[in-house]
Amino acid sequence: GVTCENQRRASERMEAFLRLPVRRRFVICEPLLGPVDLSPWLDGRVAEVVAGGESGPEAREMRYEWVLALREQCRRAGVGFRF
């Protein structure tokens with residue numbers, strides 16, 4: 001798996017991650033710190049996306065619309081999604 005907490009990290013990590021000889025790939029968007037568009041990489045090589053926020057008194061903001069957007073990207077691509 002790979003962690004992509006925001007778009008910057010997704011852009012930095014996804015291409016290298018998808019080149020690895022891994023049988024089952026998943027993306028973890030935790031803590032989700034901004035909107036992420038994974039659709040360029042949801043082409044059958046990723047099996048699942050997991051999204052979540054932080055907890056505790058110092059938790060950073062996570063917006064539900066970011067989660068819904070990820071879920072929709074996964075739905076369109078036929079990729080599993082967990083929140």
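Of the 83 residues in the protein chain, 34% count as buried, where buried means under 20% relative accessible area, exposed over 50% and partly exposed in between, with a 1.4 Å probe and protein chains only. This is a predicted model, in which local features need pLDDT of at least 70 and side-chain atom pairs count only at pLDDT 80 or more, while totals for chains, interfaces and linings use all residues. Residues are numbered from 1 along each chain as its sequence is written, and side-chain values use heavy atoms, with hydrogens and water left out.

The protein chain has two helices and four strands, arranged along the sequence as β-α-β-β-α-β; these are DSSP runs numbered from the N terminus, helices being H or I of at least four residues and strands E of at least two. Among contacts between residues at least 6 apart in sequence, 56% join residues at least 24 apart, a contact meaning heavy atoms within 4.5 Å. Along its principal axes, the C-alpha trace spans about 40 × 25 × 20 Å.

A search of the whole structure finds one aromatic pair, for which rings of Phe, Tyr and Trp (its six-membered ring) must have centres within 6.5 Å, with planes under 30 degrees apart counting as stacked, over 60 as edge-to-face and the rest as tilted. The ring centres of tyrosine 64 and phenylalanine 83 lie 6.0 Å apart with their planes at 50 degrees, so the pair is tilted. It links distant parts of the chain, 19 residues apart, with tyrosine 64 in helix H2 (residues 64-77) and phenylalanine 83 in the segment after strand S4 (80-82). Tyrosine 64 is partly exposed at a relative accessible area of 49%, whereas phenylalanine 83, at 57%, counts as exposed.
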